[in-house]
Amino acid sequence: MSQRFDRDVIRTPSRKRSSKSNRGVFTTPMKRKHSWSLRRKANMSPFRSESKSRKSPLTSPYHADRFIPSANGSNVALQEYKFASGYNEENEKANANRSSAALKFQDTLAKELFNGDTVHSKVLKFKRKPKQPKQNHVNTLRVLYSANREAKRVHRKRRYISTHPERILDAPEILDDYYINVLDWSKKNVLGVGLGNTVYLWNASTQEISTLVENESEENAVTSLRWMRDGTHIAVGTTEKTVQIWDVERQRLIRTMEGHYARIGALSWNNHVLSSGSRDSMIINHDVRVASHSINCFSSHTEEICGLTWSPDGTQLASGGNDNKCFIWEMSSRPNQPRWEINDHKAAVKALAWSPFQRNLLATGAGTADRNIRFYNTSNRELVRAVPTNSQVCSLQWSRSSRELISAHGFSQNQITLWEYPHMSRTAELTGHTARVLHTALSPDGSYLCSAAADETLQFWRVFDPEKKKKPSKHREKRRLLAPGIR
């Protein structure tokens, strides 16, 4: 005689079922007057506390002492089959060697007999299955609350980055010197490069090459150059301790500024102020509009200065030197009182780059003994992250259209690496040079990178998407037209 599972009452050996079963409630062998319905009317539950404000779990069908499955949501036919046939998981594993056709037939037959449930379905269910919607039903709430979520699921298309340069130019007599900076790209799409004692200009729009500066003495080599923001003037530093400012359109030397006692290896513009760093460990700020050009001097470094760059908002100057130190300056800083002194590096700090999308974020790179890229928050003076590169870091460039960073390296791999910030995962590695990559510069739209290496070549790579142009405000245009010129 097959056992039948009663879906209304769970029986235990010590308890008997009353003649009138109460669904979902345990009954005990007591008199009929103590049934649940009578207790509810007489308020005589033995589990009821003396306090009238507190209700007993048995006084309401919605506050039971344990959670009992709903019998209405269970499949009765499936229950009878499993208990009658002695179905369990061990028997099912023993029949795993049956053919796939027999198993498929068993599942199909079970769905037909048990109203869509398979043999593996649960016997007890805590709630009923929701009804299937109509064929043409549209859930308006789903469209409302999932609109933004669907938009986030759109994956960004990965751009293709070629591992081969699109153009290669010869750069004979380029100095294999880690402490100088002789490459820069202007906003007018003109590339300037110092080769020996000469400054050459290459117009990327017309492909024309011209000579701007050629010093008479071969020993007077060009050690640094930097374009003014508007691209009309260029500053050139030499081994003869002078800074020259040239008008590129007229091909004429406007003025020469002195003040250093050794060669000038780093330059950086901040509107009309030009900062120069020298081997004499001094930084001089020049106001090019006035005759007495020297404004102030910073002298906290003890070795040659090889890295110098102003922040995009013009409030902070970062300097790196061969003394393995990096200083953060303000225009109002005193000569020996920088805003912040960074002593984390183990080699000369040359590569410096301010983030264009996050204020006060500075990326630094040092020499062979260090081989790390570090990120600093200059507002709260803390190190954000340090990333090992396994190579000498010579130059850093931020993308203007995405949160990415490019690093150029020397010993021992001589590679150019594209990083995704802030995870710092390597997106691409460019290995076209055969010697250390000393200098890099970005095109005006930020899409092309020019790299200059000790193998005497200039290589051009398409690495970023073009920068979206912003319409200049009328207020900025008026300020630019009214600004005094260079004297």
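User: Is L430 buried or exposed, and what is its relative accessible area?
Analyst: The model is predicted, with local features requiring pLDDT of at least 70 and side-chain atom pairs counting only at pLDDT 80 or more, while totals for chains, interfaces and linings use all residues. Residues are numbered from 1 along each chain as its sequence is written, and side-chain values use heavy atoms, with hydrogens and water left out. Buried means under 20% relative accessible area, exposed over 50%, and partly exposed in between, with a 1.4 Å probe and protein chains only. L430 is buried, at a relative accessible area of 4%.

User: Which residues does L430 touch, not counting residues up to four places away in sequence?
Analyst: Contact here means heavy atoms within 4.5 Å. Q415, which is 15 residues from L430 in sequence, has its C-alpha 5.8 Å from that of L430. Leaving out residues up to four places away in sequence, L430 touches I161, S162, T163, Q415, I416, W461 and V463.

User: In what order do the 4 strands of the open sheet stand?
Analyst: Strands (E, at least two residues) are DSSP runs numbered from the N terminus, and two of them pair if DSSP finds at least two bridges between them. The pairing in this open sheet is antiparallel, and its order is β14-β15-β16-β17.

User: What is the bridge partner of G320 in β16?
Analyst: Strand β15 (residues 317-321) is joined by 4 bridges to strand β16 (residues 326-329), and the two run antiparallel. The partner of G320 in β16 is C326.
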